[in-house]
Amino acid sequence: MRYMLFILALSDLFSAYFLIKGITHPLIVAFLWLHSIKGITSLMGSFASGYYFDWMGVTDVLAALLILLMTLPLVGVFFAKIAFYVGILMAIKGIYSMLWVFI
């Protein structure tokens, strides 16, 4: 289980780097699918248990949405500025998850 958490924490850190730098590449779309699945399942599980403040799930969904919007040619420049701040939040989430892997 710790290996899976480690891989997911690494994916958070990679996505944070892509969001902060504003890198758009077709291979980065794989992170879009990973984060959308992670975020939606996290939100569904937390809502089902009565916990309505799942900041990690919301961060994953925002990251997936911004990775998608940054690849669009017309609006990508505007969303690259927003993606910088979500990338910082994603990096904090990745570091937080990485610490829990090693504790």
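On a 1 Å grid over the protein atoms alone, a pocket is an open set of points where a 1.4 Å probe fits, with protein on both sides within 12 Å along at least five of seven lines, and a lining residue has an atom within 4 Å of a point.

**Entry 1: basis.** I worked on a predicted model, in which local features need pLDDT of at least 70, side-chain atom pairs count only at pLDDT 80 or more, and totals for chains, interfaces and linings use all residues. Residues are numbered from 1 along each chain as its sequence is written, and side-chain values use heavy atoms, with hydrogens and water left out.

**Entry 2: the pocket.** I looked up the largest pocket and found about 250 Å³ of space in it; a volume here is the space filled by probe spheres set on the grid points, which are joined across faces, edges and corners. I noted 14 lining residues, with Leu-5, Asp-12, Met-56, Lys-93 and Ser-97 nearest the centre. H1, H2, H3 and H4 are the elements that each give two or more residues to this lining. Helices are DSSP runs (H or I, at least four residues) numbered from the N terminus. H4 gives the most, 5 residues. By type, I have 7 nonpolar, 3 polar and 4 charged residues in the lining; Ala, Val, Leu, Ile, Met, Phe, Trp, Tyr, Cys and Pro count as nonpolar, Asp, Glu, Lys and Arg as charged, and the others, Gly among them, as polar.

**Entry 3: salt bridges.** I then searched the whole structure for salt bridges (a side-chain nitrogen of Lys or Arg within 4 Å of a carboxyl oxygen of Asp or Glu) and got 4. One of them joins Lys-38 to Asp-12, at 2.6 Å from N to O. Lys-38 sits in helix H2 (residues 29–48) and Asp-12 in helix H1 (residues 2–21), so this pair ties together parts 26 residues apart in sequence.

Asp-12 also meets Lys-93 in a salt bridge, at 2.7 Å from N to O. Lys-93 belongs to helix H4 (residues 76–102) and Asp-12 to H1, so the parts tied together here are 81 residues apart in sequence.

Lys-93 in turn has a salt bridge with Asp-60, at 3.3 Å from N to O. Asp-60 is in helix H3 (residues 55–70), 33 residues from Lys-93 in H4. I recorded Asp-12, Lys-38, Asp-60 and Lys-93 as one network, joined by salt bridges that share partners.

**Entry 4: burial.** I checked accessibility, where buried means under 20% relative accessible area (1.4 Å probe, protein chains only). Lys-38 has 14% and counts as buried. Asp-12, at 1%, is buried too. I also listed Lys-93 and Asp-60 as buried.

How values were computed. Buried means under 20% relative accessible area, exposed over 50%, partly exposed in between (1.4 Å probe, protein chains only).
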